[in-house]
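Biologist: I'd like to learn how to read the features of a model like this one. Could you take me through them, starting with charged side chains?

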Amino acid sequence: MTAPAMPSSALVWFRRDLRCLDHAALSAALRECEVVHCVFIFDREILDLLPDKADRRVEFIWESVRELGQALAALGGELIVQHAVARDAIPALARALKVNAVYANHDYEPHAIARDLAVKKALNTCGADLHTFKDQVIFEKSEILTQASGTFSVFTPYKNAWLKKVTPQTFNAHSITRFKTKSAPQVKAMPSLESMGFARTNLSALKIAPGALGADALLADFANRIDHYDEARNFPAIKGPSYLSVHLRFGTISIRKLAGLAYERWKSLDRDGAAVWLSELIWRDFYFQILHHHPHVVGGAFKPAYDKLNWRNDPVQFKAWCDGETGFPIVDAAMRQLNQTGYMHNRLRMIVASFLTKDLQIDWRWGEKYFAEKLIDFDLAANNGGWQWAASTGCDAQPYFRIFNPQSQSEKFDEKGQFIRRYVPEIAGLADKYIHTPAAAPAMLLDAAAIALGKSYPRPIVDHATAREMTLAMYKAARG
């Protein structure tokens, strides 16, 4: 029995993998096919639903796609860019180019899986096929299983199994060769942001450099700081994180490159910073496999009992949380950072999520949706996992009776109030002792700092101690 013939021509469909180095689908297409075309679709099924037309993510993608086109051209290829409905545009383009197959990398989100299935069916009607590859994670789907061949729902044993599965080849890059045949030029210009209905943002002012070049510059900087990551990552006023999350989200850098660096630094030098950063990257794989095996987490609690939680869902308090006007400076500073920059420090993500769900008793899905609209590095699997962790409704989540005290968190991780003063300047004149709790400051000090509680800065919208007792009762009731 003869093996099926390899496709002679292919269309490589870029999605959340906007680079041409160490790219699984591109590598396979260049290796297996004589003629290779490349395409990126600004998918209207996604873009048309975005509420803010000055969206930093769209601008980041646009700039990264432009850079990707230049990189492909240097290899002898060309990038076709369209603003269309991807599930229709990809089969149409495949027919127009007369390719035998479309090559793409796996996407694990429910919407993307449904889209890819529709594309595959449409391609099959014209004698072509969709080939997809693992690229955005180290281990996917059912590659990491328990000894009983089940799926992990607790992180630490998953992490231990993940590390045991690593081999010398795990982090090897996919080789990229030059294009064998120059494809026919596509004369249609790349659509502008404006033609797609979007506007420029403050991306440049924030010094967020898109594309593979931006990712490489960040990695070079972080490589000099990685040994101190385990401690520095917790303090939002200092340069502790890698800031590479947006590049991982859109694939402008390879996960193999990052995980390989962390693993090698940890194994060869025994550095705690590298070990902790590697652990954070493993959490990313963990949440992807949770999404794959438990898609009900999109819209529902991982632990179904917690779908019975009787949330208060006060819209006025939710707006105060969104706007950074809660009267809790660390919460307000974090939310203002998110609104102004599209980024939030990871420690702060935990603090504001705990505050929303356990101080205000507002449904975690409200916060998840707000983050999905605002975060430049928004990723469904990680965002959902993080929110369910904070709300104690998810896998391996924080126990419901562990409730962050926003004041003590603020005093511990922003002791001098440097981060607070940056984003809540109206209370910057307060001494360190009161920067975390302006409502506790003597009237004389408030007057000296030109702070009028309830006017220039809000009074606390909730009493933490009272809210804690209400939350414990709410969770106990749901547990039965």
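Modeller: The term stands for a side-chain nitrogen of Lys or Arg within 4 Å of a carboxyl oxygen of Asp or Glu. Please keep in mind that this is a predicted model, where local features need pLDDT of at least 70 and side-chain atom pairs count only at pLDDT 80 or more, while totals for chains, interfaces and linings use all residues. Residues are numbered from 1 along each chain as its sequence is written, and side-chain values use heavy atoms, with hydrogens and water left out.

Biologist: Is Arg468 buried, exposed or in between?

Modeller: Arg468 is partly exposed, because its relative accessible area is 29%. Here buried means under 20% relative accessible area and exposed over 50%, with partly exposed in between (1.4 Å probe, protein chains only).

Biologist: What is the general idea behind such pairs, and how many salt bridges are found in the whole structure?

Modeller: Side chains of opposite charge can pair when their charged atoms come close. A search of the whole structure gives 33 salt bridges. In one of them, Arg19 meets Asp135 at 2.8 Å, N to O. That pair links distant parts of the chain, 116 residues apart: Arg19 sits in the loop between β1 (9-14) and α1 (24-32), and Asp135 in the loop between β5 (129-133) and α6 (155-165). The element names come from DSSP runs, numbered from the N terminus: helices are H or I with at least four residues, strands E with at least two. Both Arg19 and Asp135 are buried.

Biologist: Which parts does the salt bridge between Arg265 and Asp227 tie together?

Modeller: Those two side chains meet at 3.3 Å, N to O. Arg265 belongs to helix α10 (residues 255-269) and Asp227 to the loop between α7 (211-223) and α8 (229-232), so the bridge ties together parts 38 residues apart in sequence. Asp227 is partly exposed, because its relative accessible area is 24%. Salt bridges can also share partners, and in that way Arg15, Asp107, Arg115 and Asp116 are joined into one network.

Biologist: Next, cysteines. How many disulfides does the structure hold?

Modeller: The general idea is that a disulfide is a covalent bond between the sulfur atoms of two cysteines. The structure holds zero disulfides, the criterion being a pair of cysteine sulfur atoms within 2.5 Å. Take Cys126: the closest cysteine sulfur, in Cys33, is 15 Å from its own, so the two are too far apart for a bond. Cys126 is partly exposed at 35% relative accessible area, whereas Cys322 is buried at 7%.

Biologist: Why is α1 described as largely enclosed?

Modeller: Because seven of the nine residues of α1 are buried, the rest of the structure largely encloses it. The buried ones are Ala24, Ala25, Leu26, Ser27, Ala28, Ala29 and Leu30. Their cover includes β1, β2 (35-43), α3 (56-74), β4 (101-105) and β5.

Biologist: Which strands pair with β4, and in what sense?

Modeller: Two strands pair if DSSP finds at least two bridges between them. β1 and β4 pair in the parallel sense over three bridges, with Val12 opposite Tyr103 in β4. β4 and β5 also run parallel, joined by five bridges, and Ala104 stands opposite Thr132 in β5. Between β4 and β5 the chain passes through helix α5 (residues 110-124), a β-α-β crossover that is right-handed: with the strands pointing away from the viewer, the path from the first strand over the helix to the second runs clockwise.

Biologist: Finally, how many helices and strands are in the chain?

Modeller: There are 21 helices and five strands. Of the 480 residues, 54% count as buried.

Definitions and conventions:
Contact = heavy atoms within 4.5 Å.
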